[in-house]
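Subject: Structure for your review

Dear colleague,

Please find below the sequence and structure that I am handing over to you. My findings follow directly after it.

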Amino acid sequence: MQILQEVQDLPSAGNIKAQWVSLWTGPAVGAVLVVALLAFPGFWPPMSPTLTAEQVARYYAEHTDWIRFSQITFNLCGIMLLPFFMVIVVQMKRMKTQSHIFAYCYLTAIVSGATIFALSNVFFLVAAFRPDRNPELTLLLNDLAWIVFIAPIGMVLAQFLLLAAAVHFDDGPDPVFPRWVGAYSLATGVAITPAAGAAVWQTGPLAWDGLLSFWLRNGAFAAFVVVMFFVLRRAVLRQAVAEGVVAG
Amino acid sequence: MNLLTPERYITTTDGDPAGKPDVRFLTWFFPVWYAVFGVIICVLTRVTPPPRPDVTTAGTVAFFTEHHLTIQIGFVLLLILLGGAPLTNGLVLYHMKRMSVGSVFGYGYIAAMSVGALPGFLLVGVCYLTATFRPDRDPELIGWLYDLGNLSYNGSLGCFTTAYVVLAIAVLYDKNGVFPKWFGYVTVWQVITEVIATQFFLFYSGPLAWNGVLSLWWAVVVFSVWLGALIFVLRAATIGEPVDSPGLD
């Protein structure tokens, strides 16, 4: 993106530049998180909830280094996705036909959802900190880590529903996001909802290693980030052209 | 008042829909969500009124065994509906931002409530569900989850106290009349109950324990009055906002 020279010191140019940088943290952080994802032995395949305490303890003892590496990476970089989501907040606040109440609700849902994710990293890392701990305690930490990681989808669901509602109410002549983004966001929300069952079921598609709770939930979220990168890129570029920051 | 749809709940005296459509929707959502939340915490998961603090380890295991199914149903529902909290808190923030005192108290409110979501709300669900996930776990660990869940849920004080303090000050300072002044004084009582609740961490039984007459039941009465009042003043504030007023900055 080439910001026009005559406007580069204006606040409008600063706003576009900040959004552009935040937008590109998405793929940059995303690439790091994919490395962490591939490196976590407990994801390939996802650890079964039916393992006994001794099996879980042995798992942590045998894979200590890779569990530490991947969860430290999640810990350090997971929350770095927040600037990317803040671009969504800023774009929601550009919607002309509404009060921006959804943007503020979205912001607080992102904050609380990210806090929950951060807690799960700590549980994984505490379990890996002393692999020779009493296996019952390692099992408890592993349960807490997985349940906190997979099951509390409410905050994330609220984000998808709020974005869908914002797109729905953005019914003026020049909407910020295309209409389909609302339906797509809603569908992603529906896709992640069954994962709440991971706090109850130990086998089947709802278990934390299951088709719905692990693969569909995490896959739908990752796909949403990728799709929203292109949606946001277009929205920020359109804003930049409309405000005379870049050549149309 | 009719809760069936936002258009029938938020109305002028003539019965026409009032307020901005998006704010109207959240004003309708607020009591609906709290009603569902009330059923979950009071009927299904049994965290309010809470189980006893003066129990043996075997007693905590017996509690989770007896309420196993309803805890699982209730808290899985809550994991899904958790996101209603940002929506209801965002509505309060919205009306606080319309006050003459500017955004600072509103931001304080939403920031404090965002902190409260995890220790004051989610953690008890995670603890109860982890306890019911493996009923054959070492009873000492079940008891540990019982204490962590109940003390974090009942004993997360500062996040909510901060929110009530800034809300009360905002209402009492406001010159735009967004919320009535009496609601500010009702909110002060919420601060007082949170201060009394500090005693949860010290007593196993009696009026100041986490299930005590003073620390719990008095707080339940005050909270119910406060919540009912908030539902009422939010509806009035949404109806009273001109539809053509500009969006928040």
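Between chain A and chain B, 12 residue pairs are in polar contact, with both residues at pLDDT 80 or more. Please bear in mind that this is a predicted model.

Three helices of chain A, namely H5 (101–129), H6 (135–150) and H7 (154–169), each give at least two residues to the side that touches chain B. The largest share of that side, 11 residues, is supplied by H5(A). Sorted by class, the side of chain A that touches chain B consists of 30 nonpolar, 10 polar and 3 charged residues.

Salt bridges also occur across this interface, and the rule finds 2 of them. In a salt bridge with an N to O distance of 2.8 Å, the side chain of Asp143(A) meets that of Arg134(B).

As for the extent of the contact, 43 residues of chain A and 39 residues of chain B take part. Together the two chains bury about 3400 Å², and 75% of this area is on carbon and sulfur atoms. Of the area that chain A buries against chain B, 17% comes from Ser99(A), Ile101(A) and Tyr104(A), more than from any other three residues.

Finally, an unreviewed UniProt entry places the feature "transmembrane region" at several stretches of chain A, including residues 102–124 and 214–232. In the model, residues 102–124 of chain A are 100% helix, and their end C-alpha atoms lie 34 Å apart. Residues 214–232 of chain A are likewise 100% helix, with 27 Å between the end C-alpha atoms.

Yours sincerely

Definitions and conventions: Residues numbered from 1 in each chain as written. Chains lettered and ligands numbered in written order. Predicted model: local features only at pLDDT ≥ 70, side-chain atom pairs only at ≥ 80, totals over all residues. Heavy atoms only, no water. Contact = heavy atoms within 4.5 Å. Buried area = accessible area lost by both parts, 1.4 Å probe. Salt bridge = Lys/Arg side-chain N within 4 Å of Asp/Glu carboxyl O. Polar contact = N/O pair within 3.5 Å; in protein donor to acceptor, adjacent residues only side chain to side chain. Helix = DSSP H or I, 4+ residues; strand = E, 2+ residues; numbered from the N terminus. Nonpolar A, V, L, I, M, F, W, Y, C, P; charged D, E, K, R; others polar. UniProt positions renumbered as here; feature names shortened; annotations may be inferred.
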